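Below is a briefing for a reader new to this structure. Please look over the sequence and the model before reading on.

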Amino acid sequence: MSDRQLWSYKEIAAHIRVQPDTVRSYRKHGLLPPPDHVEGGKPYWYAETVRAWVARRPGNRGRREE
């Protein structure tokens with residue numbers, strides 16, 4: 001089953017336990033995958049996209065998903 005819920009910077013930040021500005025910085029530096037959807041100029045990612053990125057990103061340091 002796929003998770004088609006869209007996440008903003010805020011939801012991504014909560015998921016990886018950082019501030020939303022940190023997630024914005026990741027995107028600015030090309031460390032975040034391209035958004036799955038843009039609405040009103042704001043980027044959004046599917047939860048499954050974020051979870052896949054978290055699983056393979058450097059610096060994950062063994063963090064576990066909740």
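Buried means under 20% relative accessible area, exposed over 50%, and partly exposed in between, with a 1.4 Å probe and protein chains only. The model is predicted: local features need pLDDT of at least 70, side-chain atom pairs count only at pLDDT 80 or more, and totals for chains, interfaces and linings use all residues. Residues are numbered from 1 along each chain as its sequence is written, and side-chain values use heavy atoms, with hydrogens and water left out. Helices (H or I, at least four residues) and strands (E, at least two) are DSSP runs, numbered from the N terminus.

**Helix 1**
- Helix 1 spans residues 9–16, and Y9, I12, A13 and I16 are buried in it.
- K10 and A14 are exposed, on the face turned away from the buried side of helix 1.
- The cover over the buried residues of helix 1 includes strand 1 (6–7), helix 2 (20–28), strand 3 (42–46) and helix 3 (47–56), where contact means heavy atoms within 4.5 Å.

**Strands**
- Two strands pair if DSSP finds at least two bridges between them.
- Strand 1 and strand 3 run antiparallel and are joined by two bridges; L6 has Y46 in strand 3 as its bridge partner.
- Strand 2 (residues 37–39) pairs with strand 3 over three bridges, also in the antiparallel sense, and V38 has P43 in strand 3 as its bridge partner.
- The hairpin of strand 2 and strand 3 has two residues between the strands, and G40 takes a positive phi near 60° there.

**Helix 3**
- A47, T49, V50, W53 and V54 are buried in helix 3.
- Their arc around the axis is only 160°, which puts them on the same side of helix 3.
- The face turned away from that side carries the exposed residues A55 and R56.
- Strand 1, helix 1, helix 2 and strand 3 are what the buried residues of helix 3 pack against.

**Aromatic rings**
- The whole structure holds two aromatic pairs; rings of Phe, Tyr and Trp (its six-membered ring) pair if their centres lie within 6.5 Å, and planes under 30 degrees apart count as stacked, over 60 as edge-to-face and the rest as tilted.
- The rings of Y9 and W45 have centres 5.5 Å apart and planes at 50°, so this pair is tilted.
- The pair links distant parts of the chain, with Y9 in helix 1 and W45 in strand 3, 36 residues apart.
- Both Y9 and W45 are buried.

Methods:
The arc is that of the directions from the helix axis to the C-beta atoms.
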